[in-house]
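Student: Could you give me a close look at one part of this structure, the packing of a pair of helices? Please then relate that part to other sites along the chain.

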Amino acid sequence: MKKFKFILILLSVQLIGLSQDLDYAKKVIQKLSSVDFKGRGYVENGDKISADYISAEFQNLGLIPITRKSYFQKFDISVNTFPNRVSVRIDGNDLVAGSDYIIESSSPSISGKFQIIKTSRSQLDNDSKLVSLVNKAGNSIILIDSRDRKNENPEATKKIDEYINFLKYSPQANIKGLIIYTSDKLTWEAAPEQGLRPIITLIKDLDINSLNSIELVVDAKFIPKYETQNVAGSIKGTTDSDSMIVVMAHYDHLGKMGKDTYFPGANDNASGVAMILNLAKHYSENKPEYTMVFIALSAEELGILGAKAFTDNPPIDLKKIKFLVNFDLAGTGEEGVKVVNGSVFKDKFDLLTKINKEQGLLPKIDIRGAACNSDHCLFYQKGVPCFYIYTLGGIQAYHDILDKSETLPLTEFVDYCKLMIEFFNKI
Ligand SMILES: [Zn+2]
């Protein structure tokens, strides 16, 4: 009876622990992807508000700042932004930024009413058609109907994409701007430079046969030098404080497109920040054997620039990193996780799958080779053994206005966190 009671107490303590983990993760994700954090870009100090929040959490959890004075590692970036007005009007109706269209992030400013020259992918099938289109365009905007690709063979697709890239980016294409009319999902990116002409991707259901003109206001601001910051801290190891285990996640996202539209970035990558904060919380309560370092990186979306700043001027000795895990997209897991560098560090991958199997945590752990698709890459190139792990399945919102905390399932978050703790304890 006594023993039974003891097990019950143990079990309930563990359950409370797990639900607290999830509550804390939800709170972090909800905060970071709220409108107050401005999409964690470089408009209205989105990055700084986020960095302040994360460093305050680090401080609450008792982490040691990465430099003697501060959790921040500052560095400069250049970035194209849309802090002011962005408006697309057709027949006197305002379309909605983010859901009807996106302004490609490299776009410069434009303002006025423009004639539209229409073409389609299928009509753009040889050089002379491209030349005559450019000649005809003059001061007009070219609209390319890209909805129907059924009859394109791979060779044609490649050629047409080259033509479209020419129209988008070439200094020789003397055109005012470009609209890609598509039925694909809208996906935004961040741009470290400003391009030559505005590019709009439009998905609003329209009668394009009767579409002859468009009113545009794009107020772009290119910032050649903007100071942003990585945030990092540590918890000292009890037995081997000289070896480090590093967990990291980028906290930046895409920011704002005009005054009214922001990109929440709940899965990408408020979820990863929630993971490292959860791990920080765990290790602040259960002191680790090796020193644990926690890094929240900025400017990943601009081309892993936070990781570049960190590895160019490392505030810690990279040679002392026993292992590093980068968390980017940690918020689903219905179909398990994928491990980049799994086949490179096969013994570590085998350890991870062994723990997972023994404890029945995630539905699947997929292996992948090296890939330079997130911040871990620059650490790997400097010889740091590492994984980049991302969750699979669940909601497909990505780089769009639908990547919100309200709909992020966090299906496997608690088990994922538990798996990582077991992994770090056995590494
Ligand atoms: Zn990301």
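Tutor: Helix 5 and helix 9 are oblique to each other. The model is a predicted one. Helix 5 comprises residues 266-285 and helix 9 comprises residues 413-426, and the two pack at an angle of about 55°. The axes of helix 5 and helix 9 lie 11 Å apart, and their crossing is right-handed. On the side of helix 5, the contact is made by Ser271, Ala274, Met275, Asn278, Leu279, His282 and Tyr283. Helix 9 contributes Phe413, Tyr416, Cys417, Met420, Ile421, Phe424 and Asn425 to this contact.

The axes of helix 3 (residues 127-137) and helix 4 (residues 154-169) come within 11 Å and cross at roughly 25°. Helix 3 and helix 4 are therefore roughly parallel to each other, because angles under 35 degrees fall in that class. Helix 3 passes helix 4 in a right-handed crossing. Asp127, Leu130, Leu133 and Val134 of helix 3 make the contact with Lys159, Tyr163, Phe166 and Leu167 of helix 4.

The metal site comes next. The zinc ion is coordinated at 1.9 to 2.7 Å by NE2 of His250, an OD atom of Asp268 and two OD entries of Asp328. The 4 donor atoms subtend angles of 51 to 149° around the zinc ion, which makes the arrangement irregular. A tetrahedral assignment would require every angle to lie between 85 and 135 degrees. Along the chain, the donors of the zinc ion follow the spacing H-x17-D-x59-D. Histidine 250 and aspartate 328 link distant parts of the chain, being 78 residues apart. Histidine 250 belongs to strand 12 (residues 240-250), whereas aspartate 328 is in the loop between strand 14 (321-327) and strand 15 (337-340). Both histidine 250 and aspartate 328 are buried.

Helix 2 (residues 46-60) holds serine 50 and also aspartate 47. Serine 50 is buried, with a relative accessible area of 0%. Aspartate 47 likewise counts as buried, at 0% relative accessibility. Leaving aside residues up to four places away in sequence, serine 50 touches Leu32, Phe37, Arg40 and Tyr251. Serine 50 and valine 231 are 181 residues apart in sequence, and their C-alpha atoms are 9.8 Å apart in space.

Finally, phenylalanine 345 is found in the loop between strand 15 and helix 7 (346-359). Phenylalanine 345 has a relative accessible area of 18% and is buried, because the class covers values under 20%. Not counting residues up to four places away in sequence, phenylalanine 345 touches Phe323, Tyr380, Pro385, Cys386 and Phe387. The C-alpha atoms of phenylalanine 345 and tyrosine 262 are separated by 38 Å, and these two residues are 83 residues apart along the chain.

Methods. Residues numbered from 1 in each chain as written. Predicted model: local features only at pLDDT ≥ 70, side-chain atom pairs only at ≥ 80, totals over all residues. Heavy atoms only, no water. Donors = N, O, S within 2.8 Å, 3.2 Å for Na, K, Ca; no water. Tetrahedral: all angles 85-135°; square planar, octahedral: opposite > 155°, others 65-115°. Helix = DSSP H or I, 4+ residues; strand = E, 2+ residues; numbered from the N terminus. Buried < 20%, exposed > 50% of the residue type's maximum accessible area, 1.4 Å probe, protein only. Axes fitted to C-alpha atoms, helices over the stretch in contact; angles between N-to-C directions. Parallel < 35°, antiparallel > 145°, perpendicular 65-115°, else oblique. Left-handed = near helix turned anticlockwise from the far one by under 90°. Contact = heavy atoms within 4.5 Å.
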